[in-house]
Amino acid sequence: MGGKVLQKIFPALGTVNTITLYDSFAPEIAEQVKKHVLDLHRRFSLFEQGSDIFRINEQAGIKAVPVHQDTFFVLFHALSYGRETQGAFDITSGAASRLWRDAIRSAQIPSESDIAGCRRLSGLTDLILDEAGGTAFLRRNGQQMDLGGIAKGYAADEAVRTLKKYKVHNALINFGGTVIALGREQKIGIQNPFQKSGVSMAELMVKNKAVATSGSYERGFFFEGVRYHHIIDPRSGWPADSGLLSVTLIGDSAMELDALATGICVLGEKNGLPLLERRGIEAVFINSDGEVKITHGLQGKFFLKSN
Ligand code: ADP
Ligand code: MG
(Lines give C-alpha, C1' and ligand atoms only; values in the text may rest on other atoms or scores of the structure.)
(Ligands and ions follow the chains in the order given, each with its own letter.)
Protein backbone atom coordinates (compact mmCIF):
# COMPACT_ATOMS: atom_id res chain seq x y z
CA MET A 1 0.00 0.00 0.00
CA GLY A 2 1.52 3.27 -1.05
CA GLY A 3 0.68 6.53 0.64
CA LYS A 4 -0.35 8.23 -2.52
CA VAL A 5 -3.94 9.36 -2.63
CA LEU A 6 -5.29 11.59 -5.33
CA GLN A 7 -8.62 13.30 -4.97
CA LYS A 8 -10.67 15.38 -7.38
CA ILE A 9 -13.84 17.18 -6.30
CA PHE A 10 -16.11 18.97 -8.76
CA PRO A 11 -19.73 19.99 -9.26
CA ALA A 12 -21.84 18.31 -11.98
CA LEU A 13 -25.21 16.58 -12.31
CA GLY A 14 -26.64 18.94 -9.70
CA THR A 15 -24.38 17.60 -6.97
CA VAL A 16 -20.83 17.35 -5.65
CA ASN A 17 -18.69 14.58 -7.11
CA THR A 18 -15.53 13.09 -5.68
CA ILE A 19 -13.04 10.80 -7.39
CA THR A 20 -10.42 9.26 -5.08
CA LEU A 21 -7.58 7.21 -6.52
CA TYR A 22 -5.40 5.14 -4.20
CA ASP A 23 -1.91 3.86 -4.92
CA SER A 24 -1.78 5.75 -8.12
CA PHE A 25 -0.34 9.05 -9.10
CA ALA A 26 -1.96 9.80 -12.35
CA PRO A 27 -3.79 13.12 -12.20
CA GLU A 28 -4.55 12.87 -15.91
CA ILE A 29 -6.69 9.78 -15.30
CA ALA A 30 -8.82 11.58 -12.71
CA GLU A 31 -9.03 14.50 -15.11
CA GLN A 32 -10.21 12.15 -17.86
CA VAL A 33 -12.99 10.79 -15.63
CA LYS A 34 -14.06 14.30 -14.66
CA LYS A 35 -14.19 15.40 -18.30
CA HIS A 36 -16.41 12.46 -19.14
CA VAL A 37 -18.79 13.27 -16.26
CA LEU A 38 -19.01 16.87 -17.43
CA ASP A 39 -19.92 15.57 -20.91
CA LEU A 40 -22.66 13.46 -19.36
CA HIS A 41 -23.87 16.49 -17.42
CA ARG A 42 -24.18 18.43 -20.68
CA ARG A 43 -26.27 15.62 -22.19
CA PHE A 44 -28.51 14.89 -19.20
CA SER A 45 -29.10 18.33 -17.69
CA LEU A 46 -32.70 19.49 -17.42
CA PHE A 47 -31.67 23.11 -17.41
CA GLU A 48 -28.88 23.48 -19.98
CA GLN A 49 -30.30 24.61 -23.29
CA GLY A 50 -29.36 22.14 -25.98
CA SER A 51 -28.86 19.15 -23.67
CA ASP A 52 -30.50 15.96 -24.93
CA ILE A 53 -33.05 16.10 -22.11
CA PHE A 54 -33.73 19.80 -22.66
CA ARG A 55 -34.44 19.17 -26.35
CA ILE A 56 -36.65 16.13 -25.70
CA ASN A 57 -38.72 18.26 -23.30
CA GLU A 58 -38.78 21.22 -25.66
CA GLN A 59 -40.05 19.02 -28.50
CA ALA A 60 -42.58 17.06 -26.43
CA GLY A 61 -45.69 16.50 -28.53
CA ILE A 62 -43.92 17.90 -31.59
CA LYS A 63 -41.15 15.65 -32.85
CA ALA A 64 -38.56 13.00 -32.05
CA VAL A 65 -35.04 14.28 -31.37
CA PRO A 66 -31.71 12.58 -31.99
CA VAL A 67 -29.82 11.87 -28.77
CA HIS A 68 -26.32 10.69 -27.88
CA GLN A 69 -25.97 6.94 -27.42
CA ASP A 70 -25.25 7.43 -23.69
CA THR A 71 -28.59 9.19 -23.31
CA PHE A 72 -30.35 6.51 -25.33
CA PHE A 73 -28.84 3.80 -23.12
CA VAL A 74 -30.00 5.53 -19.91
CA LEU A 75 -33.49 6.20 -21.29
CA PHE A 76 -33.82 2.59 -22.42
CA HIS A 77 -32.89 1.22 -19.00
CA ALA A 78 -34.90 3.85 -17.15
CA LEU A 79 -38.01 2.62 -18.99
CA SER A 80 -37.32 -0.95 -17.95
CA TYR A 81 -36.85 0.06 -14.27
CA GLY A 82 -40.10 1.96 -14.67
CA ARG A 83 -41.94 -1.14 -15.81
CA GLU A 84 -40.33 -3.28 -13.15
CA THR A 85 -41.43 -0.88 -10.38
CA GLN A 86 -44.95 -0.60 -11.84
CA GLY A 87 -44.37 3.04 -12.58
CA ALA A 88 -43.00 3.98 -9.15
CA PHE A 89 -39.76 4.99 -10.88
CA ASP A 90 -40.86 7.12 -13.79
CA ILE A 91 -38.57 9.47 -15.69
CA THR A 92 -41.59 10.93 -17.48
CA SER A 93 -42.85 12.38 -14.19
CA GLY A 94 -40.72 15.49 -14.72
CA ALA A 95 -43.68 17.88 -14.61
CA ALA A 96 -44.60 16.66 -11.12
CA SER A 97 -40.96 16.78 -10.02
CA ARG A 98 -40.71 20.35 -11.20
CA LEU A 99 -43.96 21.34 -9.49
CA TRP A 100 -42.68 20.00 -6.17
CA ARG A 101 -39.22 21.46 -6.68
CA ASP A 102 -40.85 24.89 -6.85
CA ALA A 103 -43.11 23.98 -3.92
CA ILE A 104 -40.11 23.05 -1.79
CA ARG A 105 -38.35 26.26 -2.74
CA SER A 106 -41.33 28.35 -1.60
CA ALA A 107 -42.44 25.92 1.17
CA GLN A 108 -45.99 25.96 -0.22
CA ILE A 109 -48.16 23.04 -1.21
CA PRO A 110 -49.27 23.23 -4.86
CA SER A 111 -52.98 23.33 -5.72
CA GLU A 112 -54.90 20.07 -6.18
CA SER A 113 -55.54 20.95 -9.80
CA ASP A 114 -51.87 21.58 -10.55
CA ILE A 115 -50.97 18.27 -8.91
CA ALA A 116 -53.62 16.41 -10.90
CA GLY A 117 -52.49 18.12 -14.10
CA CYS A 118 -48.88 17.05 -13.57
CA ARG A 119 -49.92 13.55 -12.61
CA ARG A 120 -51.77 13.17 -15.91
CA LEU A 121 -48.63 14.19 -17.79
CA SER A 122 -46.64 11.19 -16.50
CA GLY A 123 -46.69 8.09 -18.66
CA LEU A 124 -43.98 5.56 -19.39
CA THR A 125 -45.73 4.49 -22.61
CA ASP A 126 -45.46 8.06 -23.91
CA LEU A 127 -41.69 7.89 -24.24
CA ILE A 128 -40.95 6.49 -27.66
CA LEU A 129 -37.38 5.30 -28.25
CA ASP A 130 -36.32 4.51 -31.79
CA GLU A 131 -33.15 2.48 -31.68
CA ALA A 132 -32.45 2.52 -35.41
CA GLY A 133 -32.84 6.28 -35.62
CA GLY A 134 -31.25 6.96 -32.21
CA THR A 135 -34.12 9.27 -31.28
CA ALA A 136 -36.38 9.88 -28.31
CA PHE A 137 -39.86 11.36 -28.33
CA LEU A 138 -42.32 12.36 -25.64
CA ARG A 139 -45.71 12.00 -27.24
CA ARG A 140 -47.73 14.63 -25.42
CA ASN A 141 -47.42 18.37 -25.22
CA GLY A 142 -46.15 19.58 -21.87
CA GLN A 143 -44.63 16.26 -20.87
CA GLN A 144 -41.26 16.55 -19.16
CA MET A 145 -38.61 14.01 -18.42
CA ASP A 146 -36.15 14.15 -15.59
CA LEU A 147 -33.08 11.94 -15.12
CA GLY A 148 -32.41 13.20 -11.56
CA GLY A 149 -33.12 9.74 -10.14
CA ILE A 150 -30.71 7.80 -12.36
CA ALA A 151 -28.04 10.06 -13.90
CA LYS A 152 -25.56 9.95 -11.01
CA GLY A 153 -25.65 6.16 -11.05
CA TYR A 154 -24.91 5.92 -14.75
CA ALA A 155 -22.11 8.48 -14.40
CA ALA A 156 -20.58 6.48 -11.54
CA ASP A 157 -20.64 3.29 -13.63
CA GLU A 158 -19.04 5.17 -16.51
CA ALA A 159 -16.34 6.55 -14.19
CA VAL A 160 -15.45 3.01 -13.15
CA ARG A 161 -15.39 1.81 -16.76
CA THR A 162 -12.94 4.61 -17.54
CA LEU A 163 -10.76 3.80 -14.51
CA LYS A 164 -10.60 0.14 -15.49
CA LYS A 165 -9.59 1.09 -19.00
CA TYR A 166 -6.60 2.90 -17.49
CA LYS A 167 -5.85 -0.07 -15.21
CA VAL A 168 -6.74 1.78 -12.00
CA HIS A 169 -7.79 -0.89 -9.52
CA ASN A 170 -8.18 0.97 -6.21
CA ALA A 171 -10.57 3.88 -6.14
CA LEU A 172 -13.64 5.39 -4.60
CA ILE A 173 -16.25 7.15 -6.68
CA ASN A 174 -18.77 9.28 -4.79
CA PHE A 175 -21.20 11.18 -6.98
CA GLY A 176 -23.62 12.92 -4.64
CA GLY A 177 -23.89 9.91 -2.34
CA THR A 178 -23.96 7.28 -5.10
CA VAL A 179 -20.77 5.39 -4.37
CA ILE A 180 -18.62 2.71 -5.98
CA ALA A 181 -15.79 1.12 -4.00
CA LEU A 182 -13.28 -0.32 -6.44
CA GLY A 183 -10.58 -2.71 -5.27
CA ARG A 184 -9.90 -2.58 -1.54
CA GLU A 185 -12.71 -2.86 1.01
CA GLN A 186 -14.01 0.53 2.10
CA LYS A 187 -16.24 1.89 4.82
CA ILE A 188 -19.29 3.75 3.56
CA GLY A 189 -21.43 5.81 5.92
CA ILE A 190 -25.21 5.82 5.70
CA GLN A 191 -26.71 9.23 6.46
CA ASN A 192 -28.79 9.52 9.61
CA PRO A 193 -32.09 10.85 8.23
CA PHE A 194 -32.86 12.57 11.54
CA GLN A 195 -29.60 14.50 11.67
CA LYS A 196 -27.93 17.17 9.61
CA SER A 197 -26.13 16.21 6.45
CA GLY A 198 -22.85 14.37 7.06
CA VAL A 199 -23.88 12.57 10.24
CA SER A 200 -24.05 8.84 9.64
CA MET A 201 -26.33 6.33 11.32
CA ALA A 202 -24.49 3.21 10.22
CA GLU A 203 -21.50 1.97 8.30
CA LEU A 204 -21.24 -0.54 5.50
CA MET A 205 -18.13 -2.42 4.47
CA VAL A 206 -18.07 -2.55 0.71
CA LYS A 207 -15.68 -4.05 -1.81
CA ASN A 208 -16.10 -3.91 -5.57
CA LYS A 209 -19.73 -2.92 -5.15
CA ALA A 210 -21.91 0.09 -5.79
CA VAL A 211 -24.08 1.75 -3.14
CA ALA A 212 -26.93 4.16 -3.81
CA THR A 213 -29.21 5.91 -1.34
CA SER A 214 -32.46 7.66 -1.96
CA GLY A 215 -33.94 9.57 0.92
CA SER A 216 -37.05 11.65 1.38
CA TYR A 217 -35.24 13.50 4.19
CA GLU A 218 -32.95 15.24 1.73
CA ARG A 219 -34.98 18.06 0.29
CA GLY A 220 -38.38 19.14 1.54
CA PHE A 221 -40.40 21.12 4.06
CA PHE A 222 -42.89 20.59 6.88
CA PHE A 223 -46.43 21.92 6.78
CA GLU A 224 -48.85 21.24 9.62
CA GLY A 225 -46.76 18.35 10.82
CA VAL A 226 -46.53 16.65 7.42
CA ARG A 227 -43.33 16.51 5.44
CA TYR A 228 -43.34 17.22 1.71
CA HIS A 229 -40.22 16.23 -0.23
CA HIS A 230 -38.60 15.64 -3.61
CA ILE A 231 -39.31 11.96 -4.24
CA ILE A 232 -42.61 11.90 -6.03
CA ASP A 233 -45.12 9.10 -6.38
CA PRO A 234 -45.94 9.48 -10.09
CA ARG A 235 -49.19 7.60 -9.55
CA SER A 236 -50.58 10.20 -7.15
CA GLY A 237 -48.58 13.29 -8.10
CA TRP A 238 -47.77 13.77 -4.37
CA PRO A 239 -44.49 13.13 -2.53
CA ALA A 240 -43.95 9.44 -1.77
CA ASP A 241 -45.65 8.26 1.40
CA SER A 242 -44.43 4.67 1.78
CA GLY A 243 -43.20 5.02 5.37
CA LEU A 244 -39.56 4.85 4.26
CA LEU A 245 -37.23 7.71 5.04
CA SER A 246 -34.32 6.20 3.21
CA VAL A 247 -33.39 3.25 1.07
CA THR A 248 -29.78 2.22 0.51
CA LEU A 249 -29.07 -0.46 -2.09
CA ILE A 250 -25.89 -2.45 -2.60
CA GLY A 251 -25.16 -4.25 -5.86
CA ASP A 252 -23.19 -4.15 -9.07
CA SER A 253 -24.70 -1.48 -11.29
CA ALA A 254 -24.90 2.00 -9.76
CA MET A 255 -27.39 3.01 -12.46
CA GLU A 256 -29.73 0.18 -11.53
CA LEU A 257 -29.36 0.89 -7.79
CA ASP A 258 -29.91 4.62 -8.21
CA ALA A 259 -33.15 4.10 -10.12
CA LEU A 260 -34.44 1.31 -7.90
CA ALA A 261 -33.60 3.18 -4.67
CA THR A 262 -35.77 6.06 -5.87
CA GLY A 263 -38.48 3.64 -7.01
CA ILE A 264 -38.48 1.71 -3.74
CA CYS A 265 -38.76 4.92 -1.70
CA VAL A 266 -42.09 5.19 -3.52
CA LEU A 267 -43.08 1.50 -3.50
CA GLY A 268 -42.20 0.81 0.14
CA GLU A 269 -40.25 -2.02 1.73
CA LYS A 270 -42.80 -4.79 1.33
CA ASN A 271 -43.40 -4.18 -2.37
CA GLY A 272 -39.73 -3.49 -3.03
CA LEU A 273 -38.21 -6.61 -1.48
CA PRO A 274 -39.26 -9.19 -4.10
CA LEU A 275 -37.81 -7.00 -6.81
CA LEU A 276 -34.49 -6.74 -4.97
CA GLU A 277 -34.38 -10.48 -4.33
CA ARG A 278 -34.92 -11.19 -8.02
CA ARG A 279 -31.96 -9.00 -8.88
CA GLY A 280 -29.61 -10.04 -6.07
CA ILE A 281 -29.53 -6.57 -4.53
CA GLU A 282 -28.98 -6.03 -0.79
CA ALA A 283 -30.72 -3.20 1.07
CA VAL A 284 -30.85 -1.05 4.19
CA PHE A 285 -34.27 0.46 4.93
CA ILE A 286 -34.84 3.24 7.45
CA ASN A 287 -38.48 4.00 8.19
CA SER A 288 -40.10 7.06 9.67
CA ASP A 289 -40.02 5.56 13.19
CA GLY A 290 -36.25 5.29 12.92
CA GLU A 291 -36.34 1.51 12.53
CA VAL A 292 -33.46 0.10 10.51
CA LYS A 293 -33.73 -3.17 8.58
CA ILE A 294 -31.13 -4.92 6.48
CA THR A 295 -31.29 -7.84 4.06
CA HIS A 296 -29.48 -11.11 4.94
CA GLY A 297 -26.48 -10.61 2.69
CA LEU A 298 -25.36 -7.57 4.70
CA GLN A 299 -24.81 -9.46 7.93
CA GLY A 300 -21.23 -8.95 9.07
CA LYS A 301 -20.85 -5.97 6.76
CA PHE A 302 -23.28 -3.55 8.37
CA PHE A 303 -22.63 -1.72 11.64
CA LEU A 304 -25.06 0.57 13.43
CA LYS A 305 -23.39 3.47 15.17
CA SER A 306 -24.11 3.73 18.86
CA ASN A 307 -25.03 7.44 19.09
P1 ADP B 1 -31.11 12.51 -4.75
O2 ADP B 1 -32.10 12.57 -3.64
O3 ADP B 1 -29.76 12.03 -4.34
O4 ADP B 1 -31.10 13.70 -5.64
P5 ADP B 1 -32.61 10.35 -6.00
O6 ADP B 1 -31.96 9.26 -6.72
O7 ADP B 1 -33.38 10.03 -4.79
O8 ADP B 1 -31.52 11.40 -5.77
O9 ADP B 1 -33.57 11.05 -7.04
C10 ADP B 1 -34.41 12.12 -6.74
C11 ADP B 1 -34.65 12.90 -8.02
O12 ADP B 1 -35.25 12.05 -9.01
C13 ADP B 1 -35.63 14.03 -7.83
O14 ADP B 1 -34.98 15.22 -7.50
C15 ADP B 1 -36.33 14.12 -9.19
O16 ADP B 1 -35.52 14.82 -10.09
C17 ADP B 1 -36.35 12.68 -9.64
N18 ADP B 1 -37.54 11.93 -9.19
C19 ADP B 1 -38.36 12.16 -8.12
N20 ADP B 1 -39.30 11.20 -8.01
C21 ADP B 1 -39.08 10.34 -9.04
C22 ADP B 1 -39.73 9.13 -9.46
N23 ADP B 1 -40.77 8.62 -8.81
N24 ADP B 1 -39.22 8.51 -10.55
C25 ADP B 1 -38.15 9.00 -11.22
N26 ADP B 1 -37.50 10.11 -10.87
C27 ADP B 1 -37.95 10.77 -9.79
MG1 MG C 1 -32.09 7.49 -7.47
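**View 1. Division of the protein into two domains.** The protein is divided into domain 1 (5–38 + 154–304) and domain 2 (46–138), with bounds that come from an automatic or database domain assignment. This is a predicted model, in which local features need pLDDT of at least 70 and side-chain atom pairs count only at pLDDT 80 or more, whereas totals for chains, interfaces and linings use all residues. Residues are numbered from 1 along each chain as its sequence is written, and side-chain values use heavy atoms, with hydrogens and water left out. The C-alpha centres of domain 1 and domain 2 lie 22 Å apart, and 28 residues from domain 1 meet 25 residues from domain 2 in the contact (heavy atoms within 4.5 Å).

**View 2. Area buried between the domains.** About 2300 Å² is buried between domain 1 and domain 2, and carbon and sulfur atoms give 72% of this area; buried area is the accessible area (1.4 Å probe) that two parts lose on being put together, summed over both.

**View 3. The salt bridge of Glu-84 and Arg-279.** Between domain 1 and domain 2 the count is 2 salt bridges, each defined as a side-chain nitrogen of Lys or Arg within 4 Å of a carboxyl oxygen of Asp or Glu. Glu-84 forms a salt bridge with Arg-279, in which the closest N and O atoms are 2.4 Å apart.

**View 4. The side of domain 1 that touches domain 2.** At least two residues of this side are supplied by each of α6 (151–165), β11 (220–223), β12 (226–229), α7 (254–267) and α8 (269–279), where helices (H or I, at least four residues) and strands (E, at least two) are DSSP runs numbered from the N terminus. The most is given by α7, with 8 residues.

Notes:
Chains are lettered from A and ligands numbered from 1 in the order in which they are written.
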